[in-house]
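Please open the model in your viewer and keep a selection tool at hand. The stops below follow pairs of charged side chains.

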Amino acid sequence: MWHQSFGLLKKSYICDTTGSFFLGKDLYIPLSTVPLCSAVVDVAIQDYVADVASELIYQNKSQISKEVLFAFPLAPHMAIYSFQACSEDAKVQAVLQDEAQQLHEATGGWENLKYLQHQSEHRGKVLACFLGTLSPGRELVVTLRYVQELSREPDGAARFMLPPTLHPHNMHYAWNCLTSKLPYSLLLTASLQSPRGVAKVQANFSLTSLIYTAQDRSTAQVSMAGSPPSHDDVELLVYFGEPTAASAVLEKGDPGAPPGSLLGDPMVLVMLAPSIPEAVPGQRQSGEFIFLLDTTFLECAQDSLLFLLKSLPLGCYFNIYCYGETTAGIYPRSAEYTQDNLTEAMRRIPSTGSSLGDTDLLGTLRSIYNTPQPHGHMRQLFIFMTGLPPDNEAIAAEVCRHRNSHRCFTFCFSTDSASLAVAMARETGGEADYVCSDNSMAVVVLKSLKRALQPAAEGVSLSWTLPHGLEVEVLGGTPQFIFQGQHSLLYAQIHGQAQDMTVAKGAMTLQYSLDGQDVTHTIEFPLCPQGDGRLAGHRLAARRLLKRLLREVASGSGDEPRHRAVEISLTSGIICPFTSYVGVRTSQRVTWHRGPLALLPPRQSLIPCQILELRGSGRVSSCYPKSIWEPPGWLTAVSASWLALRRLTHGIAALPQRGACSKECKPPPPSISSLKYVDPWAFAACSPHFGTWLTKAIAECQELVALQNVDGSWALSSGLASVLEVDEAEIKGKMPAEVMEPSIWATVLAVTWLHRNNKSYQDLCELLEAKAVTWLCTRAVSQLHKCLEAANTLLGSSVNPSVFRL
């Protein structure tokens, strides 16, 4: 959001991380914006997708003309399909073009967008469009339409939130220094639809009464009553009828599109959300866990890898790849998690790593995907990257091609690999993390492992019952498993013509396995298409299909996938890598020729307008809480940049004159209630003493961790005595007489020591301890009270019996 001659931007202006600009070396000017006067937002929510139409009015209230830029940050699962801006002088329309690069080269000022893309301190996608000069007192009306997949809350609610551009409440320009009131008006109306019925709506602002527009309560309307929240984002939770494991909504196609086309045929919006109970820590568990380690990272990863491997559950399979010029795993295929196999793997890691050269992550991934999974074990990859591989686009395409058969948990140690890490994790439903120091690595990877150990619905499949003449195509396929706390939104298009027009309903059957038990859910849905014609599901389906076509192009499948992608992009309005936005500026003023009756047509010109991937030139911090605007699975470092980016991209902005607001009159920080998840480790990591403390904690307990067996037990040995700093003979002499197996006494001592020394060990060793306690409870429940009493006496501790589930 910038102002003043953009031809001088490359020479004069540098943006810093606070959202301010420096002019040359000496003059500091705070960032401000062209004020938003009013926003009118109309949102249509259909189950878990939303179509948003917005009209924003800005006014230049200064005494000088300003050259302005509109910037709109794109959240994941969001797609813009219409943008235009109108003033008294001109109208700017964003138009999708094929092979638009030639037009860009003819567009004046395009180099400024390139400069913004590479010199910005922030990461993320934005729609950026230069809108020209806005004279003093003049208004600019921006019309923006987009579609978005909505997140599903654990209680089944669909969560919708306005992006910061439509409600820029935390920008300092937006505050009245005396009244703390927002200087713009916001009108929000929402139309809601679900075949399960609309049950209720909750918001963090005042709402009008819910008005039902259908007798079965399948459609309803609600609006904002009064002012929007002054310090929070505008957030809406929509609750539907009885939550089920699956839902299906049929959206009618575009009557103007030809039958058989993506927009012409009806689309079924499918939500899969099986109810999956929480897992009991420490129990046997299936799964295939594969660890891919960049060889340049291997030396500093030994400690974290030790904690990670020791924390795996009995019953799973594992393998380790140290990827380089050659592709080879510790084992040819994943091995069962046993004591012998783990000991052998730990022994072979150093020699394997030292024998490899430059990274070849793509070849390693292909080798893994070509290796069969152990039957009944879900595949999850843990990928550690120190830099950006040269073939990153092919890597992302390869991961996407197998997105339904596995999850990726990615860890990057440099900002240049952040985008790839996020892409792999997001496409597969995993998580991405930026590790800012070696000290925090163990905490980060163990947090991800805890999520990877969540139970899942396995063998997920869909079947359809439709009248003869109709068939279903699930765009993007069906995931093979859905983990606890997750959901899957699918798009299934119905093709053909029904032979029996009297059949009014179709049926979808969801089948999966949970804890070895087969589960079946059947959902009926009307074959009479629903919806208001805004085609949110179709456009999001187009976005999904374009990703699939991009993978086909990357794999060298010929020209047909590219031609198909361009066709879908141009007809749906959803951008793809083979199309690009071009801003068409049309003059609104009447221009007379030198004759009294000669009227020239409005002049057209091309202006910079593009979706940019901001590179983020500065180092980003991982010490930032997650916002409700940020979906699960985002890279921690990118999350911080995203929130910082929000402060920059609230609409139209410019560099104003000084003195807009005093230092004493600053807006308050965002409310804690607006945070969806606060990671205590993230805040602890911000402490200057965090690195020293964590290094000491890992060093003190890693020797004990190394001695633990894969079943969770410890052997009574001189090594254990050394860790506990107690004479081995004394340990044996204090063993209760009731104990017949020394390993039981040794394991109680180890768990007690972890709780006695430092509570921080419990975070590093939580999974290890769960295995140990489970092992004890299956072997020696009657002996645990006596063992704990003796252990507390020997170690001078007071550990509570509840630790041992007593």
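What follows is a short tour of salt bridges in this structure.

This is a predicted model, in which local features need pLDDT of at least 70 and side-chain atom pairs count only at pLDDT 80 or more, while totals for chains, interfaces and linings use all residues. Residues are numbered from 1 along each chain as its sequence is written, and side-chain values use heavy atoms, with hydrogens and water left out.

A search of the whole structure finds 23 salt bridges, a salt bridge being a side-chain nitrogen of Lys or Arg within 4 Å of a carboxyl oxygen of Asp or Glu.

Select Glu-153 and Arg-159 to begin: they form a salt bridge whose closest N and O atoms are 2.9 Å apart. Glu-153 is buried at 11% relative accessibility, and Arg-159 is buried at 10% (buried means under 20% relative accessible area, exposed over 50%, partly exposed in between, with a 1.4 Å probe and protein chains only).

Glu-427 is buried, with a relative accessible area of 10%.

Then select Arg-779 and Glu-741, where a salt bridge brings the closest N and O atoms to 3.3 Å. Arg-779 is partly exposed at 46% relative accessible area, and Glu-741 is partly exposed at 30%.

Finish with Glu-431, Asp-433, Lys-447 and Arg-451, which are linked in a network of salt bridges.
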